[in-house]
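Open the model in your viewer and keep the selection tool at hand. Each stop says what to pick and what is there.

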Amino acid sequence: MGIVKLTIDGKEVQVPKGTTVLEAAEQIGIHIPRLCYDPDLSAVGACRLCIVKIEGMRNLPASCVTEVTEGMVVHTDTPEVIEARKTILELLLANHPVDCLTCEKLGECLLAKYCYEYGVLKSPFDGEKRHYEIKADNPFIVRDMNKCILCGKCIRACSEITGKNIIDFSYRGFKTRVAPFGDTPLSESECIYCGNCVAFCPVGALSEKQMLNLGRRWNLKKVKTTCTFCSTGCTFDLRVKDGKVVGVTSNPDNAVNGRALCIRGRFGTRDFIHSDKRLTTPLIRRNGKLVPASWDEALDLVAERLTEITKQYGPNSFAAISTTRFTNEEIYLFQKFVRAVIGTNNIDHYPSPCHGAMYREESYCNESVCEFAGIATLRCPNNLQGASDMGALSGALPGYQRVDRQEVRAKYEEAWGVSIPGEAGLNVSEMFEHAIKENLKAMYILGENPVLSDANSEKVQSALTNLEFLVVHDLFLTETAALADVVLPAASFAETDGTFTNNKRRVQRVRKAIEPIPSKANWQAIINLSSKMGYQMDYQHPEQIFAEMASLTPLFAHFNYKEIDKQGMVWP
Ligand code: SF4
Ligand code: SF4
Ligand code: SF4
Ligand code: FES
């Protein structure tokens, strides 16, 4: 590919042939204003705000659709260019309602931003205003076509990103507007409510219904994190106000999904985190009933019963099923608890349920959102990869290091100050068989609901009811938790720092946005339980857990939060 040399505002720049003037300017830190351009969409040159002066050309071309040529001399801010941009903004304002005082998008609206920057207060053109009805015929998207600047980004997002063609320009001339085919309501179209059109809309024409009146955009803190609904591991921003997640918006700075999200990630996350079905306190079974208890009472009881049972029947009378949805740090700590504190390799997780036909995940699916969109919930849990990587396997320590290899064990034994059994433990299905045969007496199930998700639900139920002691640690009172002797409430991904590993083995950061709803992060609960059982784990932050894991695991030896923070890190 040839290289083209040109000059922009007196600075020389070399870029590959085919680069546009706007992109070339960006490379040397010159921002050209734009409304219809987005690097993730095809360029159409519709709004003309990105015009520049190019020596030798009579008109002011749109820089987003003009390719560089050798020796080109570009000026991005001559008085002529600035005047022309002002006129473009004035023309846009001529039939714009300028409702900024109450507009949901103020703070993120590009029209308001550029009008401010160019000192455009109102339009000298007394244009006719549009009077369209504001449409909110669905639970997710509000459409105010009075504010639409006809940039067409939503149309391109729908067809190029989502792969749908739900919306297009309808009518002509002054009446032109964006609408589903035949100008039907969105709710009568084939729209899947991914909200990708909303994410690209530069103004207040499209907005998220769930965030209406919940705060001005600049008051909604942005916490960049990784979605928890499936193993794609999309990045987005949780928007937070007064300690509550009020919504989700796209954060294009990532290597996985750009601005694109699905309905569950964008519109289901908030209601999942703040579901009124979340467990907020531990529960202890008293006289056959689960009743609320303090963390201390619950953890004391778990510590006491697990100590008694493993003393009486040996450590292999205990088994643990790990989550495939919590963070790597929590899974690492959980298998460490099982191996170092209890002294067994009876730990496993459900393998690849997404490939089985029986998998359902009601507890994790936001019902109203999923039902509305008719979403099939057959997807891999978000940290299935991490569960294996972190050693939630009966035969392997983190990084697939076999537990029957003496030199592997020796490394962990030295680091953890315990001895680790050399024979592989029970896998999930063996656990249930052993429980039925009464060789297994106690189980700890972290963030998993086998009574619902296992293909053989009846067997699981009879196995679990056969145990002397069952602990379930989860976000909701699931069918499995309902059978437990102690239920520990789990914190969601929004309530902790950590990492998830997606289905392409990209380890990505999860960042704490709000305080844990059950008042304890999952890793803190495991640390507390360990110390009640006489084994101290000293971590102040999940980063320390990750660092310990990496130091003992060749696969992740060079992984650290600092690098992961950027765009995640991929193994191998
Ligand atoms: S879309 Fe932008 S310019 Fe229009 S009312 Fe909203 S904030 Fe103001
Ligand atoms: S929500 Fe998604 S499917 Fe519906 S119009 Fe917008 S981009 Fe298209
Ligand atoms: S609705 Fe938004 S994204 Fe779509 S054309 Fe109008 S201003 Fe552009
Ligand atoms: S950004 Fe170039 S024409 Fe709109």
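**Domains, cores, ligands**

Start with the protein chain: color domain 1 (3-77) and domain 2 (283-570) separately. These bounds come from an automatic or database domain assignment. The centres of the two domains, taken over C-alpha atoms, are 53 Å apart.

This is a predicted model; local features need pLDDT of at least 70, side-chain atom pairs count only at pLDDT 80 or more, and totals for chains, interfaces and linings use all residues. Residues are numbered from 1 along each chain as its sequence is written, with chains lettered from A and ligands numbered from 1 in the order in which they are written.

Next, select C50, I149, C154, I167, C197 and C201. In the largest nonpolar core, of 83 residues, these touch the most other members. (Such a core is a set of buried Ala, Val, Leu, Ile, Met, Phe, Trp, Tyr and Cys residues joined through C-beta atoms within 7 Å; buried means 20 or more other C-beta atoms within 10 Å of the residue's own, with C-beta atoms placed from the backbone.) Helix α4 (residues 153-161), a DSSP run of H or I with at least four residues, gives this core its largest share, five residues. Domain 1 and domain 2 each supply at least three.

Now pick A298, L333, L397 and V487. They are among the 73 residues of another core, which lies apart from that one.

Move to ligand 3. Among 13 residues around it (C-beta within 6 Å, placed from the backbone), C148, C151, C154, C201 and A205 come nearest.

Definitions and conventions: A residue is buried if 20 or more other C-beta atoms lie within 10 Å of its own, exposed if 12 or fewer, and partly exposed in between; C-beta atoms are placed from the backbone. Helices (H or I, at least four residues) and strands (E, at least two) are DSSP runs, numbered from the N terminus.
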